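Let's take a walk through this protein together. Have a look at the sequence and the fold, and then we'll go from the inside out.

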Amino acid sequence: MPDRGRTQLSLSDGRRLVFSLAGPGHGIPVVYCHGAIGTALETSVDLESITSELGIRHIAICRPGIGGSDPAPGRDLLGFADDVRELVDALSIDRFRVVGVSAGGPYALAIAHRLAPRVTGAAICSSLSPLAPPHRTPGMRRRIQLPLALVAHAPGLCEAVGKLALPAIRRHPGLLLRVIAAHAAPEERRLLDSADERAAASMSFLTATGHGVGGM
């Protein structure tokens with residue numbers, strides 16, 4: 001199995017799990033769980049330099065149906081934790097830490113629960129709260145609450161609309177950047193001034209939706 005960059009693992013059920021590696025092989029293993037609209041592969045950050053400085057072996061995994069990983073119909077949070085178990089076993093990793101960002105937070109918690117005591121630490125950043133549904137999070141801006149409420153109450157409709165919109169977005173990725181900018185925080189909008197960041201954001205979304213929007 002390659003020890004750097006994007007690679008893949010054939011799981012016991014025959015599915016392909018795509019992931020990337022960065023940092024020194026002797027570093028502290030950290031499994032990274034990406035958010036909803038994105039993958040573990042595209043970033044404008046120099047991960048090799050950062051992980052080498054911190055002494056971290058960064059293991060970023062694309063969830064089923066995202067970023068080249070094969071779909072797993074009917075999957076749940078704990079099912080993904082079982083995929084992670086197979087990966088860390090294949091990498092000969094006994095103990096590791098896990099980080100979840102945004103929608104990746106619940107997956108990180110599921111891994112920490114399922115694979116304890118192999119998980120020696122878990123960090124959750126800007127994630128969904130177990131104390132309230134996403135669209136009812138106190139203090140959330142209305143322009144973000146409304147789309148989340150629609151997803152919660154009419155997931156089938158949202159999936160159908162997403163399937164219709166994807167071809168247009170693939171032809172005109174600039175439309176996607178407008179939507180991202182409209183919902184981004186001021187600091188995030190400033191990041192989009194960078195051509196590299198715009199390219200990374202577009203590629204991340206398009207790669208994430210390679211199997212459609214149902215797997216996200």
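Predicted model: local features only at pLDDT ≥ 70, side-chain atom pairs only at ≥ 80, totals over all residues.

In soluble globular proteins, nonpolar side chains tend to be buried together. Here, the largest nonpolar core has 24 residues, and the members touching the most others are Ile59, Ile61, Val84, Leu87, Phe96 and Ile111. Several elements give two or more residues to this core: the strands β2 (16-22), β3 (28-33), β4 (56-61) and β5 (96-101), along with the helices α2 (77-90) and α3 (105-114). The largest share comes from α2, with 5 residues.

Setting aside its neighbours within four places in sequence, Leu87 is in contact with Leu9, Leu17, Phe19, Ile59 and Ile61.

Now for the charged residues. How many salt bridges does the structure hold? There are 7 salt bridges. In one of them, Asp82 pairs with Arg114, with the closest N and O atoms 3.0 Å apart. Asp82 sits in helix α2 and Arg114 in helix α3, so this pair ties together parts that are 32 residues apart in sequence. Asp82 is partly exposed, at 25% relative accessible area, and Arg114 is partly exposed too, at 35%.

Next, find Arg118, in the loop between α3 and β6 (119-125). Is Arg118 buried or exposed? Its relative accessible area is 18%, so Arg118 counts as buried, the cut-off being under 20%. Arg118 forms a salt bridge with Asp89, and their closest N and O atoms are 2.9 Å apart. This pair also links distant parts of the chain, since Asp89 belongs to helix α2 and lies 29 residues away from Arg118. Asp89 itself is partly exposed, with a relative accessible area of 43%. Beyond residues up to four places away in sequence, Arg118 touches Arg85, Val88, Asp89, Ile93, Asp94, Arg95 and Phe96.

Another salt bridge runs between Glu159 and Lys163, where the closest N and O atoms are 3.5 Å apart. These two are 4 residues apart in helix α5, so about one helical turn separates them. Elsewhere, salt bridges that share partners join Asp13, Arg15 and Asp83 into one network.

Finally, step out to the surface. Leu150, Leu157 and Val161 form a nonpolar patch there, with about 270 Å² of accessible area together. Leu157 is found in helix α5 (residues 155-171).

Technical notes:
Residues numbered from 1 in each chain as written. Heavy atoms only, no water. Core = buried A, V, L, I, M, F, W, Y, C linked by side-chain atoms within 4.5 Å. Buried < 20%, exposed > 50% of the residue type's maximum accessible area, 1.4 Å probe, protein only. Contact = heavy atoms within 4.5 Å. Patch = residues over 30% accessible without salt bridge, like charges linked within 9 Å, V, L, I, M, F, W, Y side chains within 5 Å. Areas by Shrake-Rupley, 256 points an atom, 1.4 Å probe, with all protein chains shown as cover. Salt bridge = Lys/Arg side-chain N within 4 Å of Asp/Glu carboxyl O.
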